[in-house]
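Welcome, and please open your viewer. We will take a short walk through the model, with one selection at each stop.

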Amino acid sequence: MPARFPFATLCSDRWKAQLKTNAKNHQLCLAHLLRELEYLIQTEKTSWANQFKELLLQAIHLKQNQKAYHKDHPQTLQIEQQLDTLLGQSICEQNTPKTISFKNSMAKYRQFILPFLYDPLITYDNNASERGIRNVKVKLKVSGQFKTGQEHYCILRSIIDTTIKNGQSVFDAIAAIAHLPAAPKAAV
């Protein structure tokens, strides 16, 4: 089956439905992983979770210094090696079922942890996307529900957010759309 998003890298929270979506690539949201690791550090107190957190922070720091790296860059090679070492370790500490489950999940989705280091267009978190849907959730909570117009609202909100993210004029984008010829009516 062809990729549903053949040119997109989807950054997600590790939900199976998101990870199963056909796309060019996937990136796990490191902000979500760091929050989960912080929880594991506080509750199960494993050294493995601390080491994994430090590794992710090193990778984020690299991205902040440079937009993209080659696969053979010494610093990315070191991070990749450390990641493989951590994922290959056994967690011997007792009473750490959540850390073990997290580690197993990271091993399963290993190829989705570091793509952001190699592509200047990939971010290490999906916070911008979550901010993009926040307006819809606020509108739902304030009004209680959408009686009508949900689809139109979402389309307009998507256009507005996309133009802002691309540094374009929202007014010009909406004006351009308003002047497009009407879409042909579907045959009945």
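Where does K45 lie? Select K45 and you will find it in the loop between α2 and α3. Before moving on, a word on the model: it is predicted, local features need pLDDT of at least 70, side-chain atom pairs count only at pLDDT 80 or more, and totals for chains, interfaces and linings use all residues. Residues are numbered from 1 along each chain as its sequence is written, and side-chain values use heavy atoms, with hydrogens and water left out.

**Stop 1**

K45 has a positive phi of about 50 degrees although it is not a glycine. Most residues other than glycine have a negative phi. At 60% relative accessibility, K45 is exposed (exposed means over 50% relative accessible area, buried under 20%, partly exposed in between, with a 1.4 Å probe and protein chains only).

Now select R14, in the loop between β1 (5-12) and α1 (16-20). R14 is not a glycine either, yet has a positive phi of about 80 degrees.

**Stop 1: the whole chain**

Zoom out and colour by secondary structure. The protein has 8 helices and 2 strands, where helices (H or I, at least four residues) and strands (E, at least two) are DSSP runs numbered from the N terminus. Along the sequence they follow the pattern β-α-β-α-α-α-α-α-α-α. Of the 188 residues, 32% count as buried.

**Stop 2: an aromatic cluster**

Next, select W48, F52 and F102, which ring pairs link into a cluster. Rings of Phe, Tyr and Trp (its six-membered ring) pair if their centres lie within 6.5 Å; planes under 30 degrees apart are stacked, over 60 edge-to-face and the rest tilted. The protein has 5 aromatic pairs by this rule. In one of them, the rings of W48 and F52 have centres 4.9 Å apart and planes at 20 degrees, so the pair is stacked. W48 and F52 are 4 residues apart in helix α3 (residues 47-65), which separates them by about one helical turn. W48 is buried at 2% relative accessibility, and F52 is buried at 0%.

How are the rings of W48 and F102 arranged? Their centres are 6.2 Å apart and their planes at 70 degrees, so the pair is edge-to-face. W48 lies in α3 and F102 in helix α5 (residues 97-108), so this pair ties together parts that are 54 residues apart in sequence. F102 is buried, as W48 is.

**Stop 3**

Which residues does L37 touch? Leaving out residues up to four places away in sequence, L37 touches W48, A49, F52, K53, L56 and F102, where contact means heavy atoms within 4.5 Å.

**Stop 4: a charge over a ring**

Finally, select K71 and Y118. The charged end of K71 sits over the ring of Y118, 4.2 Å from its centre (the rule asks for NZ of Lys or CZ of Arg within 6 Å of the ring centre and within 35 degrees of the ring normal).
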